[in-house]
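Subject: Structure handover and findings

Hi,

Here is the structure I promised to pass on. My notes on it follow below.

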Amino acid sequence: MKDTLRILANEVVECTLCPRLVAHRRKMARVKRRAYRDWEYWGKPVPPFGDPRAGLLVVGLAPAAHGGNRTGRMFTGDRSGDFLYRALYETGFASQPTSRSRDDGLALTGAYITAAVRCAPPDNKPSPREFQRCRPFLERELDLLKNLRVVVALGKLAFDAYLGILRDRGTIRTRSAFAFGHDVAYEIPGSPVLVGSYHPSQQNTSTGKLTAEMLRAVFERARAILQE
């Protein structure tokens with residue numbers, strides 16, 4: 001399974017299916033942000049990472065232009081990641097509370113992190129077609145991660161992307177039966193428990209819509225489910 005996940009991650013990195021996203025991620029890697037002008041940006045699709053035996057899958061929306069698109073690792077090098085990894089560390093899923101680069105020693109235990117879209121999109125808004133083109137990667141991860149018992153979807157777009165897979169597989173009848181909400185959980189027969197969470201975007205965290213305590217509560221719930 002570990003080797004198969006590695007092969008899949010390599011396929012993610014090589015993907016060029018979405019011309020708009022390819023152009024944007026490469027442009028961001030070339031132009032850079034002033035604070036990171038000494039960095040050699042990753043500038044490619046960002047692969048998933050984590051524990052192949054994970055019971056918890058964290059699904060984000062897409063890499064940030066100067067976060068994951070710069071560092072080459074999901075939720076690494078931006079404020080969203082600062083919030084996320086602190087919560088994962090405090091609930092025993094991450095080895096350290098910060099993530100600065102893909103070689104900083106961070107390891108996940110019992111958790112795997114992925115996204116609905118693997119390239120940084122303009123204005124953080126992937127198109128419906130881009131979601132669709134990227135979806136097979138998430139579908140394959142769901143099949144390969146055999147021990148999953150909880151899926152935490154960060155934000156409504158990731159929440160809906162995951163439910164769309166379940167609907168098209170016949171696991172659920174419709175997405176409309178599952179209203180998105182923070183720390184709202186759904187038991188779905190034949191699938192992991194789905195937990196919604198506000199996305200740890202700067203917009204949410206700077207306004208207080210999402211606090212560190214609120215995000216930690218989501219992963220405390222995930223930990224409790226895994227320990228049942």
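Helices (H or I, at least four residues) and strands (E, at least two) are DSSP runs, numbered from the N terminus. This is a predicted model, in which local features need pLDDT of at least 70 and side-chain atom pairs count only at pLDDT 80 or more, while totals for chains, interfaces and linings use all residues. Residues are numbered from 1 along each chain as its sequence is written, and side-chain values use heavy atoms, with hydrogens and water left out.

Most residues other than glycine have a negative phi. F75 has a positive one, near 55 degrees. F75 sits in the loop between α3 and α4 (79-90). Its relative accessibility is 10%, so F75 counts as buried. (Buried means under 20% relative accessible area, exposed over 50%, partly exposed in between, with a 1.4 Å probe and protein chains only.)

D123 also is not a glycine, and its phi is positive at about 60 degrees. D123 belongs to the loop between β3 (111-115) and α5. With a relative accessible area of 69%, D123 is exposed.

Two buried polar side chains

N69 is part of helix α3 (residues 68-71). N69 counts as buried because its relative accessibility is 1%. A polar atom of the N69 side chain lies 3.3 Å from the backbone oxygen of R25. That is a polar contact: a pair of N or O atoms within 3.5 Å; within protein, one must be able to donate a hydrogen and the other to accept it, and residues adjacent in sequence count only if both atoms are side-chain atoms. Not counting residues up to four places away in sequence, N69 touches (heavy atoms within 4.5 Å) residues including R25, Y41, W42, P63 and A120.

H182 is in the loop between α6 (156-168) and β5 (185-186). H182 is buried, with a relative accessible area of 16%. Its side chain reaches the backbone nitrogen of Y198 at 3.0 Å. Leaving aside neighbours within four places in sequence, the contacts of H182 include G196, L210, M214 and V218.

Helix packing

Which angle do the axes of α1 and α5 make where they cross? Roughly 170 degrees, for α1 (residues 2-14) and α5 (residues 128-144), with the axes coming within 11 Å. Axes are lines fitted to C-alpha atoms, for helices over the stretch in contact, and angles run from 0 to 180 degrees between N-to-C directions. So α1 is roughly antiparallel to α5 (angles over 145 degrees count as such; under 35 is roughly parallel, 65 to 115 roughly perpendicular, the rest oblique). T4, L5, L8, E11 and V12 of α1 meet F137, R140, E141 and L144 of α5.

Cores

A nonpolar core is a set of buried Ala, Val, Leu, Ile, Met, Phe, Trp, Tyr and Cys residues joined through side-chain atoms within 4.5 Å. The largest has 33 residues, and L56, Y85, L88, I113, V150, V152 and F219 have the most contacts inside it. Elements giving two or more residues to this core include β2 (56-60), α4, β3 and β4 (150-154). α8 gives the most, with seven residues. Leaving aside neighbours within four places in sequence, L88 is in contact with L56, F93, A94, I113 and F219. A second, separate core has 28 residues, among them C15, A54, L145 and L194.

The tail

E228 is in the segment after α8. E228 is exposed, at 71% relative accessible area. Its C-alpha atom is separated by 39 Å from that of H66, 162 residues away along the chain.

Best wishes
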